[in-house]
Amino acid sequence: MDNMNKIFDKIACMLLCLWICSFSSSILAQEQTSLIVNGVPWYDQNHQPVNAHGAGIIRDNGKYWLFGEYKSDTSNAFPGFGCYSSEDLVNWHFERVVLPVQKDGILGSNRVGERVKVMRCPKTGMYVMLMHADDLKYMDPHIGIATCKTINGDYQLRGTLQYKGQPIKRWDMGVFQDEDGKGYLLIHHGPIYRLSDDYLSVDTMIAYVGGMGESPAMFRKNGMYYLLTSNLTSWERNDNYYFTATNIAGPWKKQGLFCPEGSLTWNSQSTFVLMLPDGTPMYMGDRWSYPHQASCATYVWMPMKVEGERLSIPEYWQSWNPETVQQEDILQKAIAEKSLRLNSNQPGKMVKLSFKGTQIALTGKTDSHGGYALVEITDRKGKKVYSSLLDCYSKVPQEGIRVITPKMPLGKYFLTVMVTGERTNWSDKSKRQFGTDDCFVRIDKAYVF
């Protein structure tokens, strides 16, 4: 009997351990819930900012593939087009720069490369990349074309896209692949071109959308086509608007804004629309940060509500779950909340904080007086483990999360936030000035994870 009791005790112990492990795994899974956090830098597997602006996404081989402008912090000259992969739209793996600066030609040194998009051609199986190429003064626009047999391989630039034997001399562009596999090139201020079956040339200009602006993006749902576009304000954000049609050839009807008026499209500019697995269209927008685009330009990705011809993003979600398409507050996962209270335009002014954890988020305010801050974290040995600039400018004031650091090993760290005195300022082709009027940095709280 004693032996039987010992056997039962062992079995009970094993079952208890299995239950504890299962319970612990469940808790861990809940703690690692993947959320899209808008308006903050995202980081790849190397703890480097996800550098993919003016981007597009395609779904291929069970993954999401993000292609974008691989910006620098010092110049607007073309530095290459980058490729990232993800299984959940949150955790991004840097693949490579798939199209680097060329020796010469439309994407050579001291040229501009923007709005890169990739589609897989159903007829040939080739991956076809389209982009806007230009000189630094935006006076020599072309639509470039590159191809590759693999999605994350070396794309070969094939020159310029032709229509009736002539290059298309336009700049802001987008692409759209319809349900029948047809590919389309969207051009600022109206033209929609249908591509040839191999996507390597233009078949015909199928529509002209009067009143269209820049940064076009299109999707189709329930037989309706939706075309998003922005006004012309250079790197500045504006109230984007949209058109609808039941046929891609038109007629196209201007519907108005899809975000509340004055929100400046939640401080972003459209670049692409991705259809989520449940059929929800996800708006993809850029928050530019000139001149520090590589480290400070961020993203706004939001689900869109579709009701017949009506398209809207009625409220801003700081963080949300792309699996459930529901808003979730990432700050609720923090283990500690600490006050910082930095509100200054004095260069060199700083606040410091020590904390124990794996990650920290900073909240504060951006407005028309904001400048750049320097955020640094060192470990207990004084080794710098994180350093980045932080942009505190926005034309429309906004309070919320300003940065969330990459995850670090559990330990004690020291945070420093300092006013740099640098401003975000630029001008467009007409020499109009944009950007901040001061260099204030306002950080209110730190949240430790």
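Hi everyone. Before we start: this is a predicted model, so local features need pLDDT of at least 70, side-chain atom pairs count only at pLDDT 80 or more, and totals for chains, interfaces and linings use all residues. Residues are numbered from 1 along each chain as its sequence is written, and side-chain values use heavy atoms, with hydrogens and water left out.

Let's begin with a sheet. Strands here are DSSP runs of E with at least two residues, numbered from the N terminus, and two of them pair if DSSP finds at least two bridges between them.

Zooming in, strand 2 pairs with strand 3 (residues 63-69) over 6 bridges, in the antiparallel sense.

Now the inside. A nonpolar core means a set of buried Ala, Val, Leu, Ile, Met, Phe, Trp, Tyr and Cys residues joined through side-chain atoms within 4.5 Å. Buried is under 20% relative accessible area, exposed is over 50%, and partly exposed is in between, with a 1.4 Å probe and protein chains only. The largest such core has 50 residues, and L66, L89, W92, L228 and W301 have the most contacts inside it. Strand 22 (residues 298-303) gives the largest share, 4 residues. Apart from that core lies another of 24 residues, among them L340, F355, I377 and V448.

W301 counts as buried because its relative accessibility is 2%, and W92 counts as buried at 3%.

That brings us to aromatic pairs. Rings of Phe, Tyr and Trp (its six-membered ring) pair if their centres lie within 6.5 Å; planes under 30 degrees apart are stacked, over 60 edge-to-face, and the rest tilted. The whole structure has 22 such pairs. How are the rings of W92 and W301 arranged? Their centres are 6.1 Å apart and their planes at 85°, so that pair is edge-to-face. W92 is in the loop between strand 4 (81-86) and strand 5, while W301 is in strand 22, 209 residues apart. By contrast, W426 and F434 are stacked, because their centres are 5.9 Å apart and their planes at 10°. One aromatic cluster is formed by W42, W92, Y299 and W301.

Last stop, the cysteines. A disulfide is a pair of cysteine sulfur atoms within 2.5 Å, and by this rule the count comes to 0. For C83, the nearest cysteine sulfur is that of C148, 9.6 Å away. C121 also has the sulfur of C148 as its nearest, 14 Å away. C83 is buried at 0% relative accessibility, and C121 is buried with a relative accessible area of 0%.

That's my tour, thanks.
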